[in-house]
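This briefing sets out selected local features of the structure shown below.

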Amino acid sequence: MKAFLLISLLFASGVFAQQNPPVVALAVKDGKPFPIWISAASDRAIRYTETARGTVYREALVKSLDGLYFQMPVAFQEGLELFRGHKFEEAKAKFTAAAEAHRIVKDFPGNWSILASFYLMECSRLLMELDELQAQMDKFDDETLLRENHKKQIEINRYWDAIRSESWTRLLTIAEAEIETPLPGYQRVQLAYLAGLANEKLGNTRDSLTFYNKAMTADFGASDVYSIQAALNAFSLLKENPDVQVAIRLFGTDEFEEASEGAILLEEAVALVKVWDKAIGVGKELPSQFREFSKYEIKEETAAEGS
Amino acid sequence: MTFGKLPLALLISLLTLGSSLAQDVNEFHANSMTQMQAGQWAEAHGTLTEATEALDDSAMARFGPQFGWFWYHRGFAAMKIQQYEDAATSFQICYEKYPNQNVEAGKGNNVYHKLALLKWGDALKATEKFAEALDKYARFLAERDPTRDKFQPGVFNLNLAFCNFKLGNIEEGTKHFKTALDNKREFNTPDRGIMSTFATLVEAVIKAKDEAALLNFIAENRGVLELPPFLGHEFTPLLMKLAQDAKEAEMLKGTFQLYSLSPDTREVVADAKAYLKKLEGQPRPVKDQGVTLVPSEIETTLERAQRSASQGDVSEVYKFLNTATLHEEVGNVRGAYAVFHQLELYHPDAHIMKEGQLTPLREFNLYNLVRTSSLIAELDSTEKFGSRFLDMFPGSEYEPEVQRLMLTSLFWNGEYDDAIEVATSVLEKLGSDASDSEQHDIASFVLAGSKFYIGEFFEAAPLLDAYLERYTEEKTEEHRFQAALYFRASNLSRLQEWTRAGAELDAFLAKYPEAAGNPYLPFALYDRANVHYAQEEFDEALTALERVLNEFPGFPILDIVYNLKGNVQQSLDQRTEAEESYRSALEIAERTNNRPVVGESLFYLTALIGEVKKGVENERLPEAAAFYDRFWNEGYREDSPFKAKIAVAGIPALQDAERNEEALDRLQTVIAELSRTQGNPGLEEAINSYTEAYLEENTLDQLKEHYYNFPGIDPADSATRALLRIAVIGIVEEQQKKALAEDDTDRASANEALIKVLFQDLRREFDPKVLSNFILVRLGDFLRTKTSSPNESRAFYEEVLNREDISYRFPALFGLAEVLADGSESSKKQAVDYLQRVYQDSEDRSQREKALARLIDVQSSLGNHEQVIEKAGVYLGPDTNFRKNIIPVQFTLGESYLATGRTEEAMKMFGQVWSSNLGLVSFSAPAILAWSDIGWKRNQADSGSGVSDRQGAYDALALYHKQLSGSFEKMTPEDQALFQKVENRMNTYAANPAVEVPAAE
């Protein structure tokens, strides 16, 4: 009776979010599971029916239940499949729908709405829509995220914002420190890519190349958006390097010095073309300006003659 | 499965049979049902086999098609216990023997007739009869009653795909696989079935070498193939195996795509924990979007993932290792390095299964991290992880290699301080037992070479000697031997041991004359030119420099080469050519932004163009001033060792431009700056020039006052204050010379007293340790030449010689030799060594001449007459062109000839001395005495000039006496005594009857 009064008060105070269609969940009370259709909820109480089209509304304090499992919205599942299939643009619509479908339970730990919003940001990040990502970040509250990895991603999303502001030194400092910590591969890729980019912008060619190589290898191609972009950035860096340009000019002449900085980096570019062909460049053509690096491979016979 | 109830038709028909048979059938049926419901498949299969064997012969007649129930369920149970052949036969009999044709009244239908086709297909698939299986599946689809013969389309399509893949029909299989995947939720296609079918697809594409099919399939279906981490973890071993198969088939893109489908272990843990949290309180498995969430299974997954992570045996380790292999195989060592670095960062406890055992991997990983880092010159990593490796794995099989990598990597990449630290540590650890091991070889080489490169030439010298003695050409790698040979030769040149350096450089150049295979050739040529220059072998220096310029157009220090060329040309008084060389150096240095060399070139040009010779007007002084201004205005002064020199060299040009005050102010600032610089390079020269310029408008007293309170000099800066004092002494010395020349004895003695006081002050007020080499030598020289205790000078010379600063080394050696030469025989011998060194290696020609003359003198006092004859021959020969000490050298040579019985040569030499230098009584008198004595004793009737030896001796003495007797009063007492000896000898000879004395005029 007391609980009922409290819930009524909660409803009366307008704390409850309401929605149609209802959120499907599996509640457990006294050890017995039963499906419910939630039409309104706060973080402490729910209003529900016990059939899909029921008209008898019941109310319950969440703490009075032994368990409450929210069924995954179909839109979320579809969004996730699209996301895993790297169809980020299409996934966004599904995640938007999923976030809305479970909006009324967004205050519950691990709810699908917050998770959908999280993946919506992931889509923006992977599409390199950094303005949009930042706008989504501004509205995002990570309190109900269950996975520490996801909370970490929210932090990393802030580092991406450093690209917009071109705060390269700050980005480098953060990325280099963060990448030393144990993280899953898809986050290591991001930090390696960011450190590579910051180093590139700061003119640290070799460090930049090393971090781009880390980005290419950190999660074995699963984050192909970044591994491919890291490889392309590395190619550009090598192509524009003055020492490499000198080595290209001298290649095939007596003045070509295999031990020179330019020649060493040129051969690194040649090797990178092979890495692209063998592992990285899935579904994407290597631009011809980079494929040209293959022309400068030092053949073993040449090396033997030269030595 | 519908084995729970026997079809109604069968029950009715059974009831109509004879009682015993009905009893048997009912019993078989009931028992098998019970067993199947209890999951007792082997027992059920036994019961059903018994039933079919007992009843089948007459079953169709007795029971009609409904008896097919027994065959169908026998097949079903056989499938459960993996007796696929029996299953296939059972389904076949169910289908072929019990069709629903002409069913008699009261005898029920075989409701499993068409389904048996489907299951027959399954059994054939299980027995790997894929074509037959596909036939049965096709017949099932064609014959089934859609309203009754239900099946799972997801599983069915997976089976079609599976069989097609097994038969190599990739396209057809893919079509069915996609149907199953595209409709995963609707068909409830099971994950395990998906993964096993996917494995078959991978096998098929590997067999067909059709990587593109795999890549396309993954690209199109990644969303379904990539499972949520907590579900995907189960399939990681399968995906890893498939990836390995793809790798072995050289489908590397496929390999990595397969890797990308297996979840990161950290994600599995996070995902499993999150799902368990969501499922809290749920008493039963929860079905959600086609997935059955079983908390106990998720817990098992979590435990497995956590256990793998804690053991370090996670899929990421294998993936990383294969990634590293790929990158290194194609030559991208940086990629391999990136992988090994990540392994060390994220999987320090990495293990792999090797021969059924969990094997730790860190030693291997760290070693590879060190190896790859050294290959790409990531030196910080090489050192950091190399040190970590050596700490963690002492005695490892990789230990020597890690040490070698650390050392060679640090050394060849120019990290000499770190290289020295590591090499020293390695040598300490190795101790003396490890002699001639490769580790010892490399560590010794790196230590010596690093000392050379960081300019610790004194320390490098014995190390290089020891290295080359121990590791001869046969005992080490050729590149190390070659490098060490060059380092030693070049090191000697840095120590200004010019003669040895020249010989060693020549030997090096002779041994490795070709550029191919000798990376040090241009450097050795440059060093050789430098040695030639120091030894005033200017033509040879130019030849070597021309070789560098012509044969090595890409030599990285061409600007420095041009500057040296300019120096040589300037020494040859080829001023135009020298200017051209300096301008070339300037142009190259500016282009390559080599600022120190720009500053150096600007100095040379200022000094060359701005030089003023007495009585010669220099119209180019404004040009010199322009170079001077560039040096100061364009920021080349910072840290330039030439700022003092250019401040001095620019004085005439600035004075010409009436910028005298500016020149002095700048020089004063430079003096103050240099006083705060380690080693005070150029300070002495700056002070001297400043003094000269200052005195043009000020008096000695003003100078003294000014120097005792020089602006900008720290009172605690003893070295600079001492230099300023010395400058004052120098001025007083100059004035004393002038006074002596002008016979102003009062002024001369006053000056001498002042000099004495100033030197004594200097000696009393300043600790030798803080004094510059220049001052120490000046003090030493003063004590040696101007006091009655020359031995006290030794401490000052020795202080210079004990320092690594090699400035004033030769004056110190000479001064010390002078002191030693007046000592015991062993001291004299030491003096010989020092003088020899000065003569051979000093760049100062007058110093070399002085040293050689003194050397001859000391050798003579030691009775080493052959040495005297040899060295005097050098001194008097045409190559040296020495002049200053000809008379004493000739005299000493004469003495040595005499001592060695070569009287003719002796007589000739003494004759040259006295006849050419009559006025120099100190030489001419002893010479004529010796000369006449030889002739007298030889006593030949005709000396060759028409008179006898004795007459000739007398005549010469008489002539000498006659020539000099008029100057007797002006002679010093010493000379008068010598002259007296000549006169006595003349009179003695005159008294001899063999001599005819002419009548007095």
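In chain A, A:M128 is found in the loop between helix 4 (112–126) and helix 5 (130–139). The model is a predicted one.

**Positive phi angles**

- The phi angle of A:M128 is near 60°, which is a positive value in a residue other than glycine.
- A:M128 is partly exposed, at a relative accessible area of 38%.
- B:N939 sits in the loop between helix 49 (921–938) and helix 50 (949–964) of chain B, and with 40% relative accessibility it counts as partly exposed.

**Helix 7 of chain A**

- Which residues of helix 7 (residues 168–178) of chain A are buried? They are A:W168, A:L171, A:L172, A:A175 and A:E178.
- These residues lie on the same side of helix 7 of chain A, because they cover an arc of only 145° around the axis.
- An α-helix has 3.6 residues a turn, so residues three or four places apart point the same way.
- The face of helix 7 of chain A that is turned away from the buried side carries the exposed residues A:T169 and A:T173.
- The cover over the buried residues of helix 7 of chain A includes helix 6 (148–165) and helix 8 (185–201) of that chain.

**Salt bridges: overall count and a network**

- Over all chains, a search of the whole structure finds 84 salt bridges.
- Side chains of opposite charge can pair when their charged atoms come close.
- In chain B, a network of salt bridges links B:K114, B:D135, B:K136, B:R139 and B:E143.

**Salt bridge A:E297 to A:K274**

- The side chains of A:E297 and A:K274 form a salt bridge, with an N to O distance of 2.8 Å.
- A:E297 lies in the loop between helix 13 (288–291) and helix 14 (300–306) of chain A, and A:K274 lies in helix 12 (residues 261–280) of chain A, so the pair ties together parts that are 23 residues apart in sequence.
- Both partners are partly exposed: A:E297 has a relative accessible area of 25%, and A:K274 has one of 28%.

**Salt bridge B:E172 to B:K175**

- A salt bridge joins the side chains of B:E172 and B:K175 at 3.3 Å, N to O.
- Where do B:E172 and B:K175 lie? Both are in helix 9 (residues 170–182) of chain B, 3 residues apart, which is about one turn of the helix.
- B:E172 is partly exposed, at 32% relative accessible area, and B:K175 counts as partly exposed at 47% relative accessibility.

**Salt bridge B:E623 to B:R583**

- The side chains of B:E623 and B:R583 meet in a salt bridge at 3.7 Å, N to O.
- This pair links distant parts of the chain, with B:E623 in helix 33 (residues 621–633) of chain B and B:R583 in helix 31 (residues 575–591) of chain B, 40 residues apart.
- The relative accessible area of B:E623 is 33%, which makes the residue partly exposed.
- B:R583 is likewise partly exposed, with a relative accessible area of 36%.

Note on methods. Residues numbered from 1 in each chain as written. Chains lettered and ligands numbered in written order. Predicted model: local features only at pLDDT ≥ 70, side-chain atom pairs only at ≥ 80, totals over all residues. Heavy atoms only, no water. Buried < 20%, exposed > 50% of the residue type's maximum accessible area, 1.4 Å probe, protein only. Helix = DSSP H or I, 4+ residues; strand = E, 2+ residues; numbered from the N terminus. Arc of directions from axis to C-beta. Contact = heavy atoms within 4.5 Å. Salt bridge = Lys/Arg side-chain N within 4 Å of Asp/Glu carboxyl O.
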